[in-house]
Amino acid sequence: MKAAKFDYVLAESIEQAVAALAAGNGDAIIIAGGQSLMPMLAMRLATPATVVDINNIAQLSGIEAIGGEVVIKACTRQATALASPLVQMRLPLLAKAISHVGHQQTRNRGTVGGSLSHADPASEIPLAALAMDARVSLRSVAGTREVALADFFLGPMMTARADNEILLKVHFPEEPDGPDGSRMGTAFHEVSERHGDFAVVAAAAQIQLDANGRCIKAALALGGVNGVPRRIPALEARLRGTRIDPDAVRAVLPEIADAITPGDDQHASAAYRRRVAGVLAERALLEAVAEAAP
Amino acid sequence: MTAATGDAGNAGAMGRNLHYVAQKRRVREDRRFVTGTGKFVQDVTLPDTRHAAVLPSPYPRARILSVDTAAAEALDGVHMVLTGQQMAADCNPIRLGLKLPEVKWYPLAVDMTRYAGEWVAIVVADTAYIAEDALALIQVEYEPLAPVIDPEQAFAETDLLVHPGHGSNVLYHGHFLWGDVDGDFAAADDSLSFRARWGRSSTVPIETFGALARWDAGTEILDIWASIQMPNFVELLASTLGYPLNNIRLHQDVDVGGSYGVKRGIKQSVLVAYLARKLRMPVRLIEDRLVNMAGGDAHGPDRIFDTDVAFTNDGIIKSLKIRALDDAGAYPGRAPFQLAKPISAIVGPYTINSVKYEAISVATNKTGQVPVRGFGQAPTNYMIEMAVDAVARHLDLDRLEVRRRNLIPSDAFPYRIPSGSDYDSGDYHTVLQKGLDLARYDELLQRRDKARAEGRLAGIGIATCLEPGGGNNIFEYLMDPTAEITTFMEACEVKVDPQGRITGMMGTTTSGQGHETLFATILGEELEFDPDEIRIVHADSLSALPTRSPVASRMAIMLGGAATGAAGKIKDRAMAIAAFNLDRPAADLEYSGGTISDRNDPSRKLTWAEICFIAYRAYHKLPPGMEPGFHAQFVFQVPGGGQLPDARNRVQIYPCFSFQAHIPYVEIDPGTGKVSVLDYAIAHDCGTVINPDIVRGMVIGGLAHGIGAALYEKFAYDGEGQFLSASFADYLMPSVHEIPDVKDVEHCTPSPLTSHGQKGSGEGGYLGAPAAIASAVNDALHPLGLTILELPMRMHKIEALINDGSG
């Protein structure tokens with residue numbers, strides 16, 4: 001468990017980082033918190049020619065509210081995001097998700113952008129961000145582009161980010177309670193054998209109800225059931241415009257079955273993941289509705 | 001974790017007024033571990049040390065057609081690449097516990113690999129980084145073969161053999177019959193059968209194995225520092241390397257970062273010793289976690305029990321028929337003996353009249369099994385407790401009541417069990433009641449029933465288990481009558497220096513059990529000196545007295561006995577010097593804190609300083625014939641041991657039997673199958689507690705270990721023999737989040753066989769917790785009519801049982 005030889009670049013600016021990535025010709029990798037990459041390097045599962053350290057780039061840290069969005073810069077620590085009043089008040093689903101990420105010690109190092117870039121199919125931040133219709137900004141020497149999370153995850157540990165791009169920030173649309181009395185409710189449920197493990201299955205729900213308790217918007221995302229975190233659009237569509245009660249939730253749960261393709265491993269069978277996806281989805285939807293209820 | 005009140009193992013029951021034993025005193029080792037000043041193998045630095053890395057086989061079973069090391073050897077900074085063939089040419093096979101001449105175990109695979117992760121080559125380089133770079137350059141040509149993975153298949157298999165020369169995969173197959181089993185079954189009202197499975201788990205210490213060797217060409221001594229906990233280590237090293245025993249000096253003053261059986265390190269140490277001598281450079285191998293879990297000494301018992309139980313309609317258990325099939329993996333080492341130790345407590349704490357025991361050890365294409373905490377007793381205890389619960393369920397009787405009807409009564413000790421052990425002492429009913437009181441059992445029942453009424457799955461576990469302590473390898477003779485070995489000693493030396501300061505020298509390494517505190521406490525007690533002022537050192541193997549190392553819950557009993565014996569000799573010597581100089585018969589003299597005075601005239605006395613001066617400086621004042629100096633050695637044999645089995649294979653194996661009652665409370669999420677251990681009470685009796693904090697740490701740590709074995713930990717293989725649990729992402733150990741607040745209480749039934757009434761305590765929590773958690777989970781599943789008899793009880797298995805009927 002000793003890393004193979006690599007060149008180390010300590011980038012002091014975003015420009016330096018993208019230049020190093022460009023120079024790496026596809027064989028450079030970014031390190032931020034290192035909570036996944038360091039073990040991968042040590043086990044030689046990753047053997048990049050160059051490691052570009054972005055921890056010193058001040059412009060990559062911080063959380064701010066801009067024009068109806070909360071923007072979290074990529075190198076913001078998970079612990080910082082979790083403690084942020086802005087996140088707690090305006091992005092409650094993200095806060096709930098981060099509380100399940102690893103342990104306090106790993107959250108002190110791990111970053112929001114790193115978790116999205118790493119794209120473990122069972123990790124919590126990608127799941128919440130997907131449910132929240134977030135977007136990411138990516139930058140290379142060629143310029144900056146934005147990608148919706150719905151288009152970002154391509155497979156296990158694979159994203160739309162090109163090798164020469166750095167993830168700059170994540171844009172979360174704010175979903176404030178409306179003056180018309182509409183309210184948002186969120187819930188994040190996961191099951192793992194132990195506290196702090198990657199989820200075996202996870203469910204994130206975000207539900208907006210109008211003043212009369214009718215569903216305006218519904219989002220349900222499931223993790224651990226595919227190579228990528230999955231939204232369940234058919235289920236969401238059936239909830240919109242309805243009053244959501246336990247019977248209604250149970251009625252739409254069968255929509256999950258066709259949207260997921262879980263696999264078997266030593267920790268759970270595909271059948272387990274299917275059944276538990278339904279269980280956690282039901283719990284998350286009902287809890288989100290209860291939170292949103294007028 | 002809350003401290004519970006209770007009898008802190010008070011040896012007052014021994015009728016002695018104790019000053020240090022059984023008192024709550026600081027554990028002397030804690031300071032160096034807390035302040036980071038412990039010294040582990042990795043902290044030993046020698047100039048010009050080279051670093052080794054090993055190449056694991058990707059195949060569970062494959063012919064090695066060729067190994068090309070040229071590119072690796074050409075890499076800058078590489079000193080040597082050693083293959084299995086080269087190694088085997090220069091060493092003997094590592095000696096196994098059983099005599100299995102065609103099961104040849106070499107440090108590196110020769111011609112064939114027998115498990116995924118087996119070491120095929122080793123590289124020595126300037127740094128561990130370069131050594132790993134070189135591994136990637138070694139070209140091995142394999143011919144993969146079908147492996148044998150399932151132990152039942154391995155048992156029946158005639159073609160697919162792990163060691164073809166051995167002629168079968170069966171390493172051991174023994175039949176034991178104690179008492180009239182057929183008669184008891186025929187006379188019993190009822191019987192039942194079940195299969196229970198103990199998963200392949202272990203202890204997984206935080207420090208992996210490490211060894212550093214240096215060949216001193218001048219003295220022709222091989223110096224070795226190794227994180228071992230193992231009897232016969234140096235003998236095994238010498239016989240494998242073909243060196244005289246007195247050419248090897250094992251430095252035992254390194255701290256060992258956890259073990260509970262698994263720090264064997266023999267193949268690792270053979271390799272570094274060989275390479276250090278060959279290269280004339282110090283060579284170090286520190287296993288990383290991947291290497292340790294896949295190819296080191298990491299895996300414990302992996303056992304299938306098929307048990308028949310005969311009982312009366314009142315729930316009195318009369319007889320057991322047990323078939324135990326254990327998967328030893330590719331190289332058995334001492335693994336088969338883990339089927340034999342449980343013979344010492346084969347009926348648990350119960351009055352079971354007769355037992356039939358069939359023990360089978362098979363080889364498979366998995367990592368070789370090593371000893372783990374309890375040496376096979378934890379799986380057996382689990383099976384026995386599942387039998388008691390099954391009888392209660394079958395008869396619809398309360399599990400507690402069934403236990404009360406079967407527990408050996410306190411007035412029956414010493415109690416002889418069918419397999420020949422005399423249980424030394426015990427008060428099982430009282431300890432169980434203490435546990436129930438601590439758990440507030442009536443409230444716990446209400447809590448469970450309320451949870452059930454609210455639709456939750458809730459259960460209470462009950463386990464009453466034994467911990468044999470003291471050690472004795474007479475079980476080897478049960479398995480191999482040519483192994484006529486009855487000695488299982490432990491020794492120490494005590495020196496009093498010219499200043500009167502006391503130093504105790506023990507002969508082994510220590511891996512966190514607090515032996516230094518134990519040793520100093522007993523010496524302090526016996527010699528009436530503050531234990532904090534007594535120095536404890538670990539002799540190297542050339543200067544150490546005989547030891548069988550800290551295995552088998554034995555050091556409190558054995559090092560305690562040796563220390564008491566040596567202290568007695570010191571006092572005798574002091575008394576002889578005083579008697580001579582005070583011109584009084586020893587019978588008139590009395591020893592108090594080192595000063596010896598005349599009972600009838602206390603002004604006539606000799607102080608400790610005066611005695612020490614005479615011993616070292618005043619030969620003319622020594623009794624005639626007494627050697628100068630002031631030291632004593634004592635070699636202590638296992639109490640009650642030393643006999644071979646009788647014609648019916650009955651034998652006393654372990655001398656002392658500690659007892660525990662576990663009462664956990666769990667709830668299960670029916671949607672996910674996840675078990676939460678919400679409460680845990682344990683009542684524990686290991687006789688006299690020498691240091692309360694050490695025993696409490698053992699109990700609670702062992703209990704956490706047992707929760708891991710019950711719910712999470714498994715070295716898993718797929719059907720093709722690929723190893724799936726090489727890191728802590730897949731081998732799941734419980735953390736503090738999974739362990740509840742434990743309430744614990746001690747009870748003291750002194751052993752009549754030991755120096756201060758002490759018994760073993762290092763294994764106890766672990767020997768009962770898996771059974772207790774299994775009992776609780778099955779109690780929670782009981783309203784659904786379900787049972788699960790397979791450890792670990794992972795959440796996906798429980799969920800499938802509940803929601804899919806498959807398990």
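This is a predicted model: local features need pLDDT of at least 70, side-chain atom pairs count only at pLDDT 80 or more; totals for chains, interfaces and linings use all residues.
Biologist: What makes up domain 1 and domain 2 of chain B?

Modeller: Domain 1 of chain B covers 41-145 + 218-272, and domain 2 covers 489-547 + 555-636. Those bounds come from an automatic or database domain assignment.

Biologist: How many residues does each domain of chain B give to the contact?

Modeller: The contact takes 15 residues from domain 1 of chain B and 12 residues from domain 2 of chain B. A residue pair is in contact if the C-beta atoms, placed from the backbone, lie within 7 Å. The C-alpha centres of the two domains lie 42 Å apart.

Biologist: Which strand gives the most to the side of domain 1 of chain B that touches domain 2 of chain B?

Modeller: Strand β11 (residues 248-251) of chain B, with 4 residues. By class, that side of domain 1 has 6 nonpolar, 6 polar and 3 charged residues.

Biologist: Why are β3 and β11 of chain B said to stand at the edges?

Modeller: The order in this open sheet of chain B is β3-β5-β1-β12-β9-β10-β11, with mixed pairing. β3 (78-83) and β11 each have a single partner strand, so one side of each is left without a neighbour in the sheet.

Biologist: What makes β9 and β10 of chain B a pair?

Modeller: Pairing needs at least two bridges. Strand β9 (residues 210-216) and strand β10 (residues 221-226) of chain B are joined by 6 bridges and run antiparallel, so they pair by that rule. One bridge partner pair is B:Leu212 with B:Trp225 in β10(B).

Methods. Residues are numbered from 1 along each chain as its sequence is written. Chains are lettered from A and ligands numbered from 1 in the order in which they are written. Two residues are in contact if their C-beta atoms, placed from the backbone, lie within 7 Å. Helices (H or I, at least four residues) and strands (E, at least two) are DSSP runs, numbered from the N terminus. Ala, Val, Leu, Ile, Met, Phe, Trp, Tyr, Cys and Pro count as nonpolar, Asp, Glu, Lys and Arg as charged, and the others, Gly among them, as polar.
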